Every structure is written in structure tokens, then in C-alpha cells.
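Good morning, colleagues. Please look at the sequence and the structure on the screen while I go through the computed description.

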Amino acid sequence: MTNGPRFRFAPSPTGSFHVGGARTALHNWALARRLGGTLVLRIEDTDEARNRPEWTEGIIDALAWIGISADDPHFEGPIFQSAYADAHVAAAQRLYEAGAAYYCDLTGEQVQQRAKELGTTGYDGYSRDRGLEPGPGRVLRFRVPDGSTVVCDAVRGEVEFDNSTIEDFVLVRGNGTPMFLLANVVDDMSMEITDVVRAEEHLPNTPKQQMLWEALGHEPPRWAHVPVLVNEQRKKLSKRRDKVALESYRDDGILANAMVNYLMTLGWTPPGAEEAGSEIFSWADLEAAFRLEDVNRSPAFFDEKKLIAFNKAYIRDLPLDEFVDRAGAELPDDWDRERFRAIAPHIQERLERLSDAAGAVDFLFVGDGVDPELDEASWTKAMTPEWSSSLLGDVTAAYESLPAERWDADTLKVTIEDIMGRFTTETGGAVKLGKAQAPVRVAVTGRSVGPPLFESLEVLGQAESVRRLRAAVTRADEPTAPD
RNA sequence: GCCCCCAUCGUCUAGUGGCCUAGGACACCACCCUUUCAAGGUGGCGGCACGGGUUCGAAUCCCGUUGGGGGUGCCA
């Protein structure tokens, strides 16, 4: 429990957790912690969500993944919106009794009909002075006062709205249930929220909320509307069209730290990034430096390429043991973990995602006596030089006759260097190791790219390495099809 | 339609009137290093939407234009 400012995060459970939501949650979290305040998690437990408790659990999990832990003293909740149901009704009643709201018996269709006839849009205040009593089918509307409403926003400054452009909006439906707008304000008041930090899309609704706070006799919270996240078409990231589920990135092998770091740099750059020549920062540094006033006001494109770049950096910086554990968890169960540990240091700085680990080392795990899948193009290219076939044969023979105790990366390398010295290129130059290793690499791994070759051979072992080399030699000897 | 927000390299941004010949990061390209690929190093490409003001001086302030986005429900 803390007594600093109180922030809130209010996701509606929909089965997946939006990356944009993750970012605003992070903003709130950074501020709550740095300012010695609290982040209150309030969940909209709609009827649908109540029947799917896993949705709520998903939110808690997702938050925990990005470091917003329910165990942290700065965290409060989750609180379910339904807990305040009575307060919603009571607030509506108070507003009505104070004359700040009135009942109206027009249906939605009738409202539209009138607007059409009057040549206006929206509700025209028809029942403002009709003094209607509450009754079935009658909605409670807020009496928007004259004048204007100024929203003081930490990222946008003062935004003024002319109240005449805001219609007398509905607070309570004809069936007696409160509208979300009212519920939201009442919830925030009940939770004693002092700071509302959310996405820019809510800015146009803010004057309505502020008027409600005031009509209910409360000082409105400090507002902050951060820019939305957009796709390449510059449209707000949508669940339908874009990959927005935080958990999908987690499942793809994105590290939480990388995601958090990347999300925080959208719309904001930590001071010192330029001097550092890097935007990679620890959460502690991000939290200490984050200021709403410094947040950029324009929408930001969620660039997966940059996320990947961050992820590579974070994977690279993982302690080896942790890398082995985490990447190992992505591997098929029957793969030898000791063997993976042996090759792990050589793939760690090459992976874009944790989940790429299997594909990077699969040639070590296909089993003895089994050839890895061969990439024909790589084979053809590697075997194109005049010397390649002979060199492959010589290396195979040399590796085969190597004493078992000398089957190590250094010896393997020296051996091939020794052999390649006996060959010259078609232009008479020396054969370089970069070229000479190609036939061996394709022979053993099936591909032209992969972890360092000699280290891979060492891990694969002499018997299987030589067997694959022999198979390749045989293949190289096969006459090519006539033209 | 009405209301609101936004506008610096392809992308994310630094920049709050002179330090800007506009800096960094990601991406891309080249070279170096090199055991392929990565990583690392060096260099390159590339931007203040447009038009008016204000000012000795504008990416920065003001107005307009254009463009983009969001909101506008008896949805949440």
C-alpha cells in the first residue's frame, strides 16, 4: 500500500491482450512506481467475460510477463467493475436529483428521426425541460452545461471543447443499466484515481468524463493521452487486421524485456540514448526516466523489424545458462539437452527469436545414420569450384583417420587448412577457408549457413560427421545428368 | 457532416528561436574483420508536407492549405 498518486489500467477482457494496451500499462506502471504511487487494475467483467475466466487470467498473465506483477506493492487489484454496480446507480440518482441529468422518453430511432427533420445530428435536448419522471424505457441524459470544457492533458497541453458540440449524452439506458461512460467515471472515483493515462482515442470522450467528475462534486484526475499505435497503413492497430496479441509475440520467442524496451521507445526516447548510441535500456532506467511531458504526440508505427533487433540484443545478453534453459524449452522433448548445451554458445548471438533455436541446430539432432535435409542449391554452389570434389574427398579421409582424442574444433580447422593449401583456384590463387569450408558444411548440415562449422562437427562427433561426409563424397562422384 | 488530435530520414525519434551544413536508433547499401551466417568496426543513402507571416535570425512561434488519424451508440 502506498499513498502516492493512483493510476489505473482498465482493459476489457476479450481473449487477447493488445500490444497497445501493454504499452499504456507500462506507462502507468513506470509512473506509479517512480512516483511512489499505485497502479490499480480494474477489469470490465462483462457477462461474456464472466463466463470465460481464462480471459481475465490471460490479462493477469500478460501483465506479469511484462513485469507488472500482482505481488508488487505498487499494484492493486484486480478489481472487477461489477463490484461498483451499486455506486453506478447511486451516482445516476444523485445526478438526477441535482438536476444535472434528466429523463427522456425518445427512442434511438426517434432521436434520429428528429435530427433528420431538424437537419442536425445527434440529440437536440428535446426533453431537457419536460420534467419527465423516471420510468420504464426512459433514458437518463446528462445536461451538458453551456460554455466550454478545457481538458488539461500532460502530453497535449490544454485542449478546449465547445460544450455546444457535445450532445446531452445517455447516462442510464431505458432498461436501467448504466452506460460505460458513467460506470467508468464512477469506478475511477471509487478507486480514488488521480491520474488517467490512456491512448489518444479516448481524448474526444474526455470532456464528457470531466463534466461528470465535476457534476459529481469531484476534482477531475490529471489526464494524459498518449499517441495510438498504428500499422503500415497508419491505421490504429486493430485486432482484426494486425498482429496485436502480446501473447503471440511471447509464443514466437520474443523476450519480455525486449518487448517492454521496444514498447517504451514508441513515442518516447529515453534521454541518453543518443550518447549511448543505443536504445537498449533496463526497466530500472526506463522507469526512472519516463516522463509524460516527453512523450511524442504523433502516432507510432509498430515496427516488428525493430522489435526483432531489440530481441536479438536481449538474447545475446542472456547469461549462457539462462539461454540454454529458455531456448531449450522451445526444443522437441527428445533432443539431447547436453548436446544442445554444447552448441548453444555458438548460436546465441545468431538468433532473432528464441523459437528459432530448433531450426538453427536441427542437423545435430536428426539422429545418427540420418542425413539432414539437403538444400540442392547450396550443394550445387558449394561443389561448383574445380577443386571442391577433391578437397571434400581429402578432408573426409583426413577426418576419418583422426585419432578420436583429437576430434576438436581446432584440429578440424587446422586439418582443412592444411588440405586446402594443396589446391588453387581457377585463377591460380589460394583457396580461402571461407570457400573451402562450404562443401564440408553442406555435406554435414545440408545447408550453406549455420553455426560455426568446426564447433558443429566437434559436437556432432567423429563417427556421424565422417558418415555424412562419405555420403557426400559418393554423391559428388555420381555422374551428372547429361544435358 | 460535426468535433478533436497530429505532421522531422523508409520506420521510431532528438530538437522548446541562433550550438542544425538537422543528431541517434532500426532497416538498407558498401567496405573492413571473419569459419558460412551472425556479432563488431568504418563509411554511405536518406528528412524538417506546402504557402504566408513574426524575427536580425525559424525545424522550432503565429495563420492558412494540404495530408493523415481518432471520435461522434440506449457498444465497451
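Of the contacts in chain A between residues at least 6 apart in sequence, 75% join residues at least 24 apart; contact here means heavy atoms within 4.5 Å. This is a predicted model, in which local features need pLDDT of at least 70 and side-chain atom pairs count only at pLDDT 80 or more, whereas totals for chains, interfaces and linings use all residues. Residues are numbered from 1 along each chain as its sequence is written, chains are lettered from A and ligands numbered from 1 in the order in which they are written, and side-chain values use heavy atoms, with hydrogens and water left out.

Let me turn to overall dimensions. Chain A has a radius of gyration of 32 Å, while a compact globule of 483 residues would have one near 23 Å. That radius is taken over C-alpha atoms, and the globule rule is 2.2 Å times the number of residues to the power 0.38. Along its principal axes, the C-alpha trace spans about 105 × 55 × 45 Å. Chain A contains 21 helices and twelve strands; these are DSSP runs numbered from the N terminus, helices being H or I with at least four residues and strands E with at least two.

Next, the surface. Of the 483 residues of chain A, 47% count as buried. Buried means under 20% relative accessible area, exposed means over 50%, and partly exposed lies in between, with a 1.4 Å probe and protein chains only. Chain A exposes about 23600 Å², of which carbon and sulfur atoms supply 48%; the areas come from the Shrake-Rupley method with a 1.4 Å probe, and for residues only the protein chains shown count as cover. The chain carries 53 positive and 80 negative charges, and their mean positions are 4 Å apart. Lys and Arg count as positive and Asp and Glu as negative, without His or the chain ends, and each charge is placed at NZ of Lys, CZ of Arg, CG of Asp or CD of Glu.

I now come to individual residues. Where does N261 lie? N261 belongs to helix α9, residues 256-264, and it counts as buried because its relative accessibility is 0%. Leaving aside neighbours within four places in sequence, N261 is in contact with E279, I280, F281, L286, F310 and Y314. To the backbone oxygen of E279, the side chain of N261 reaches at 3.0 Å. N261 and G217 are 44 residues apart in sequence and, C-alpha to C-alpha, 40 Å apart in space.

Q210, in helix α7 (residues 206-215), is also a buried residue, at 7% relative accessible area. Not counting residues up to four places away in sequence, Q210 touches T149, V150, V151, P220 and W223. T411 is placed in helix α18, residues 409-420, and is buried at 10% relative accessibility. Its contacts, with neighbours within four places left aside, are L402 and R406.

Finally, the backbone. Which peptide bond is cis, with omega near 5°? It is the bond from G77 to P78, and P78 lies in strand β3, residues 75-80. E192 has a positive phi, near 55°, in a residue other than glycine; E192 sits in the loop between α6 (180-190) and β9 (195-199) and is exposed at 56%. R234, likewise not a glycine, has phi near 70°. R234 is found in the loop between β11 (229-230) and α8 (246-251), and is exposed at 53% relative accessibility.

Note on methods
Polar contact = N/O pair within 3.5 Å; in protein donor to acceptor, adjacent residues only side chain to side chain.
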